[in-house]
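This report walks through selected local features of one protein model. Keep the structure open while reading.

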Amino acid sequence: MYRPLVGPRDPDELVVALKGISAALVGNEPMTAEVLAQAPDLRVIVRTGVGYDSIDVAAAARLGITVSNLPGINANAVAEYTMGLLLAAARGLVQSATGVAAGTWPRADGQELRGANLGLVGYGTVARAVVPFARVFGMNVLCVTGVPRDQRVGHDVRFVDLPELLAGSDYVSLHTALTARTRGLIGMAELHQMRRTAFLVNTARGGVVDEVALATAVRDGTIAGAHLDVAAQEPLPAGSPLRGVDGIVVYSHLAGQTAQARAAAGMEGAVELVAALAGQARHCVNARHQTAITADAGVDGPTYS
């Protein structure tokens, strides 16, 4: 059954859509415990992307539902988009276009990426895909990650702790999963550790950033600005603290949305769905999710992918 929809889907619609369904390919639909409890035939959920915070994995596990994601499926798309946001921030592209549309002719100096320091929070498939692009532009790359040292491939990255990364970066780009440990990771204290000329870029999840703190920090000049592809609540509500702040640009969660990435996700998602139905899921997140919960309960401080 194919039920495409642009925008949020009401939980009641989800329940109807899942009636009699054994396996589902889903985007960002809220697969809550309440929704899952009303889908007794459901055995498999495949998220056609990387992040799966919209799915209650613990509830799914209790109900015997296998949850899979597609790691790396849109890494190139998101990495290219990240570079686009860095360029937009460095050269004031949005402000220029907006000014021209309003009848002015903005001519403010921008900054070159060459020689600038890029801080990556997280070192998953997307962050690793960003590195060669950034290096081509002549950027120096710093990274904070929980990835074990023997798995930190590449020699073009300097691994540091979060305070050093924040203090030493001209651009801080977020690429970590949203978990209980990373929710609100970038708050007022972290923003004050950044350079006043620095920009924050987020193509990960909106909840990683304290949006009230970010709006305050940009307004008072603690940092230069932010380019955000994601927000804590999407679509962005009228009352969002991110609205109306000069220096904050919010996009409509487009980083992974290319024709190529969507086609790949559809094909790979279908393959994963069939495999999971046969009990041979290749990218099952149930066990990984439980491991992350255990780590969150037993270790002080945030962990990064």
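Helix α9 is followed by G221, whose phi is positive, near 80 degrees. The model is predicted.

**Helix α9.** The helix covers residues 211–219. Its buried residues are E211, A213, L214, A215, A217 and V218.

**Helices α4 and α6.** Two packed helices are described by the angle between their axes and the distance between the axes. Helix α4 spans residues 75–91, and helix α6 spans residues 125–136. They pack at an angle of about 50 degrees, and their axes are 8 Å apart. The angle is between 35 and 65 degrees, so α4 is oblique to α6. The crossing of the two helices is right-handed. On the α4 side, the contact is made by A75, N76, V78, A79, E80, T82 and M83. On the α6 side, T125, V126, A129, V130, F133 and A134 take part. By class, this contact has nine nonpolar, three polar and one charged residues.

The table lists relative accessible area and class.

| Residue | Relative accessible area | Class |
|---|---|---|
| N69 | 2% | buried |
| A24 | 9% | buried |
| H175 | 10% | buried |
| H253 | 22% | partly exposed |

The cut-off for buried is under 20%. At 10%, H175 therefore counts as buried. H253, at 22%, is partly exposed.

**A24.** This residue is found in strand β1, residues 23–26. Which residues does A24 touch, leaving aside those up to four places away in sequence? They are L18, L42, V44, I45, V46 and L273.

**N69.** The loop between β3 (66–68) and α4 holds N69. A polar atom of the N69 side chain lies 2.9 Å from the backbone oxygen of V50. With a relative accessible area of 2%, N69 is buried.

**H175.** This histidine lies in the loop between β7 (171–174) and α8. Which side chain does the side chain of H175 contact? Its polar contact is with the side chain of S173, at 2.7 Å.

**Backbone features in two further loops.** One concerns P235, placed in the loop between β9 and β10. A cis peptide bond joins E234 and P235, with omega about -5 degrees. The other concerns H253, in the loop between β10 and α10 (259–277). H253 is not a glycine, yet has a positive phi of about 50 degrees.

**Recap.** The loop with P235 lies between β9 and β10. The loop with H253 lies between β10 and α10.

Definitions and conventions. Residues are numbered from 1 along each chain as its sequence is written. This is a predicted model: local features need pLDDT of at least 70, side-chain atom pairs count only at pLDDT 80 or more; totals for chains, interfaces and linings use all residues. Side-chain values use heavy atoms; hydrogens and water are left out. Buried means under 20% relative accessible area, exposed over 50%, partly exposed in between (1.4 Å probe, protein chains only). Helices (H or I, at least four residues) and strands (E, at least two) are DSSP runs, numbered from the N terminus. Axes are lines fitted to C-alpha atoms, for helices over the stretch in contact, and angles run from 0 to 180 degrees between N-to-C directions. Angles under 35 degrees count as roughly parallel, over 145 as roughly antiparallel, 65 to 115 as roughly perpendicular and the rest as oblique. A crossing is left-handed if the near helix is turned anticlockwise from the far one by less than a right angle, and right-handed if clockwise. Contact means heavy atoms within 4.5 Å. Ala, Val, Leu, Ile, Met, Phe, Trp, Tyr, Cys and Pro count as nonpolar, Asp, Glu, Lys and Arg as charged, and the others, Gly among them, as polar. A polar contact is a pair of N or O atoms within 3.5 Å; within protein, one must be able to donate a hydrogen and the other to accept it, and residues adjacent in sequence count only if both atoms are side-chain atoms.
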